[in-house]
Structure formats: structure tokens, C-alpha cells
Amino acid sequence: MDMTIRPRRLRTSAKLRKMVRETRMDKSSLVYPMFVMDGENKKEEIPTMPGQFRYTLDRMPEALNELADAGVGSVMLFGIPEHKDEVGSGAYACDGIIQRALEKAKKEVPDLYYIGDVCMCEYTSHGHCGILKGEYVDNDLTLEKLAQIAVSQVQAGADMVAPSDMMDGHIRAIREGLDKNGFVTTPIMSYAVKYASAFYGPFRDAAGSAPAFGDRKSYQMDYHNRREGIKEAMLDIDEGADIIMVKPAMSYLDMVREIKDLTDVPMAAYSVSGEYAMVKAAAKLGYVDEAAILCEMAACAYRAGVDIYMSYYAKEIAHFMDEGRIG
Ligand code: PBG
């Protein structure tokens with residue numbers, strides 16, 4: 001056999017495999033999505049996301065401390081308001097659930113980096129991500145509100161804002177709003193490449209944010225489309241987005257790689273509720289090995305090009321990075 005190149009040579013021992021690993025990951029790039037709500041002394045398990053909870057503000061710091069201790073870099077907070085209305089006023093109220101959560105989190109667990117999700121669907125009675133005109137989400141009316149939400153979150157203490165609304169022109173509107181209020185150094189991570197996805201189902205149960213009628217297909221993207229995702233990313237970068245996110249993660253890593261190769265901004269991907277729920281359910285049935293699967297999902301996202309990984313498994317991933325199992 002005349003074979004000088006033998007790829008298996010570099011796979012002969014665990015030490016060597018680790019030495020030549022092409023993907024290196026770091027805990028500081030992990031983001032944990034977390035739900036907060038009004039009330040007292042409650043840590044409510046989300047039925048469709050076993051192991052994930054909605055926390056009242058008095059119980060929130062204990063969860064944040066666990067994340068900080070695990071070395072997770074950042075937390076994205078989602079507020080579940082007590083009252084919803086047509087115009088989602090709870091989203092930009094200075095004493096809204098998310099604003100109070102950010103303020104308290106910053107004060108009590110200052111080691112974490114806090115990101116505010118900027119959207120209206122958790123706060124509107126109809127569950128859509130913006131202001132309605134008839135049954136259509138009015139783009140330009142919504143922009144004003146988005147800027148208000150972002151400003152109110154940063155005033156409350158958010159280190160970064162992440163608009164997930166999918167309105168046209170949202171980054172420009174938010175950037176202008178932030179700058180006008182003196183927050184020129186606050187970065188925007190845009191959920192620029194966000195698809196209309198059934199993978200968000202469990203999140204909508206958790207946040208009570210399923211649309212009361214219709215769907216989100218007039219603003220979130222059709223999952224058949226690739227060029228459209230690139231266009232969204234480019235537009236948001238032009239408008240001033242500092243970081244671009246692709247969402248969901250697992251079935252959409254082609255978009256991560258492609259946009260990574262085309263641009264020079266940091267890339268994020270959000271492994272969403274449905275991805276988590278599928279792994280949990282299959283693991284519970286004994287069909288898959290949960291730890292092995294969550295490690296593989298995370299490492300593959302980084303291999304595809306993510307710099308920032310959002311996952312409900314952030315704490316577990318941090319643990320497996322510590323053990324050297326991945327990264
Ligand atoms: C708000 C928002 C959603 C998610 C994150 N931000 C729901 C949606 O767009 O319907 C989903 C996250 C997840 O499924 O984990 N617009």
C-alpha cells in the first residue's frame with residue numbers, strides 16, 4: 001500500500017484528537033435565555049421545556065448566581081407581563097417587568113452581561129410582534145415602539161439590546177433612539193436572520209405569546225430562503241447592527257457559515273425552545289444521550305462559525321467545556 005496521507009493518523013489518541021481540534025470554544029460566549037415574571041417566591045417549571053423555569057424577581061438572583069458560578073458569560077432576559085394590551089405598553093413601561101428585572105439583575109449579580117430581547121409579542125394582547133393595523137402588523141408604527149423599548153431597557157441597565165421583531169428598518173430606528181438618549185456605546189445584536197419556525201412553539205407556551213390569529217409569516221422569513229437571509233443580514237449591518245444572529249440554530253447553520261464568510265461582524269445563533277424540547281423529550285424516553293447531543297449541537301454551531309451561542313443548555317455546555325469534553 002502506497003499511502004502517505006492517512007487522515008486516521010491524527011485520530012489515534014484522545015490527546016492528539018484534542019490537540020488538533022479545529023473548533024475552540026469559550027464559556028464567555030454562551031448566552032442563557034431566561035424568563036422572568038411578576039409575583040412572589042415562584043420558580044415555575046415550563047411544561048413544554050422541562051428543566052426550564054419562569055422566575056419571579058425575588059427568585060431570579062439565585063438562578064443568575066448559578067449561571068455566573070458556572071462561567072456562563074451572559075443572560076438574555078424575557079419578561080412575561082401580568083397585563084397585555086393592544087399596543088404592548090408593558091414592553092416600554094419604565095416599571096415594566098423586564099425593566100425591573102434588568103435593574104435588579106445588574107445590581108445583585110453584576111458579573112453577568114445582560115441582554116434585553118426587544119420585541120412586543122410577549123406584551124401584546126394579540127401576540128403579534130408589533131402594532132396592528134387591521135390584521136396586518138404595521139411596520140413603521142412599530143418602529144417607534146421598538147426604539148422606546150430598547151431605550152427603556154438600556155435605561156434600566158441592559159448592556160446590549162437584541163431586537164427580535166423582524167420589522168424593516170428596526171436597527172436604524174433603535175440605533176437612532178439609543179444615540180439620541182446618549183447610549184452611543186450600547187451594542188445591538190440583531191436577530192436579523194430569523195425564520196418563521198415551528199421550533200418556537202415551547203417558547204410561546206412559556207411566554208404566552210402565541211399569535212391570537214394568523215401567524216408571523218408576514219414578518220419572519222420563509223425557511224426555504226437563503227438569499228433573503230443574506231439580504232436581511234446585510235441590511236441590518238448597514239443600519240448599524242453590531243452582531244448578527246441566526247435563529248433557530250440547528251437546522252439553519254448553513255446561514256451562519258454563509259453570513260460569517262460574507263461579513264466581518266460577530267455571528268450569534270440561538271438554539272431555540274423547540275430544539276431544547278426535542279432533546280429533552282427524546283432523552284426522557286431513553287432514545288438519545290442528552291449530554292452527548294447537547295455537546296454535539298453546541299460544537300457544531302461553533303464549527304459553522306458562531307461566535308456567540310444562545311442555549312437553554314448554557315450551564316450544561318459550560319460544564320462540559322470545563323471538563324474538556326468539548327471546546
Ligand atoms: C420574540 C421571540 C421569540 C423567540 C425569541 N424571541 C418568539 C417568536 O418569535 O415567536 C423564540 C425563542 C425560542 O423559541 O426559544 N419575538
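Reader: Which residues touch the most other members of the largest nonpolar core?
Author: Leu-77, Met-245 and Ala-269 do, in a core of 104 residues. A nonpolar core here is a set of buried Ala, Val, Leu, Ile, Met, Phe, Trp, Tyr and Cys residues joined through C-beta atoms within 7 Å. A residue is buried if 20 or more other C-beta atoms lie within 10 Å of its own, exposed if 12 or fewer, and partly exposed in between, with C-beta atoms placed from the backbone. Before we go on, this is a predicted model: local features need pLDDT of at least 70, side-chain atom pairs count only at pLDDT 80 or more, and totals for chains, interfaces and linings use all residues. Residues are numbered from 1 along each chain as its sequence is written.

Reader: Thanks! And what does Ala-269 touch?
Author: Leaving out residues up to four places away in sequence, Ala-269 touches Met-245, Val-246, Lys-247, Ala-249, Val-256, Ala-301, Val-306 and Tyr-309. Contact means that the two C-beta atoms, placed from the backbone, lie within 7 Å.

Reader: Val-256 sits in a helix, I think. Which residues of α8 are buried?
Author: In helix α8, residues 253-262, the buried ones are Met-255, Val-256 and Ile-259. They are on the same side of α8 because they cover an arc of only 105° around the axis, the arc being that of the directions from the helix axis to the C-beta atoms. Helices (H or I, at least four residues) and strands (E, at least two) are DSSP runs, numbered from the N terminus.

Reader: What's exposed on the other side of α8?
Author: Asp-254 and Asp-261 are exposed there.

Reader: And what covers the buried residues of α8?
Author: The cover includes the strands β9 (189-194), β10 (243-247) and β11 (267-271), along with α7 and α10 (290-304).

Reader: Changing topic: which residues surround the ligand?
Author: Asp-117, Cys-119, Cys-121, Cys-129, Ser-164, Tyr-200, Phe-203, Arg-204, Val-272 and Ser-273 surround the ligand. To count as near it, a residue needs its C-beta atom, placed from the backbone, within 6 Å.

Reader: How many of those are nonpolar, polar and charged?
Author: The shell has 6 nonpolar, 2 polar and 2 charged residues. Ala, Val, Leu, Ile, Met, Phe, Trp, Tyr, Cys and Pro count as nonpolar, Asp, Glu, Lys and Arg as charged, and the others, Gly among them, as polar.

Reader: Is Cys-129 buried or exposed?
Author: Cys-129 is buried, because it has 25 C-beta neighbours inside 10 Å. It is found in the loop between β5 and β6. Beyond four places in sequence, Cys-129 touches Cys-119, Met-120, Cys-121, Val-137, Asp-165, Met-166, Arg-216 and Tyr-219.

Reader: And where is Cys-121?
Author: Cys-121 also lies in the loop between β5 (113-118) and β6 (132-133). It is buried, with 26 other C-beta atoms within 10 Å. Apart from neighbours within four places in sequence, its contacts are Gly-127, His-128, Cys-129 and Ser-209.

Reader: Which arginines are listed as "binding site"?
Author: The unreviewed UniProt entry lists Arg-204 and Arg-216. Arg-204 is found in helix α6 (residues 201-207), while Arg-216 is in the loop between α6 and α7 (227-239).

Reader: Why does Arg-204 count as partly exposed?
Author: Arg-204 counts as partly exposed because it has 17 C-beta neighbours inside 10 Å. Arg-216 has 21 and counts as buried. Setting aside residues up to four places away in sequence, Arg-216 touches Cys-129, Ala-196 and Pro-211.

Reader: What about Glu-232, where is that?
Author: Glu-232 is in helix α7, and the unreviewed UniProt entry gives it the "binding site" annotation too. It is buried, with 23 other C-beta atoms within 10 Å. Its contacts, leaving aside neighbours within four places in sequence, are Ala-192, Val-193 and Met-221.

Note on methods
UniProt positions renumbered as here; feature names shortened; annotations may be inferred.
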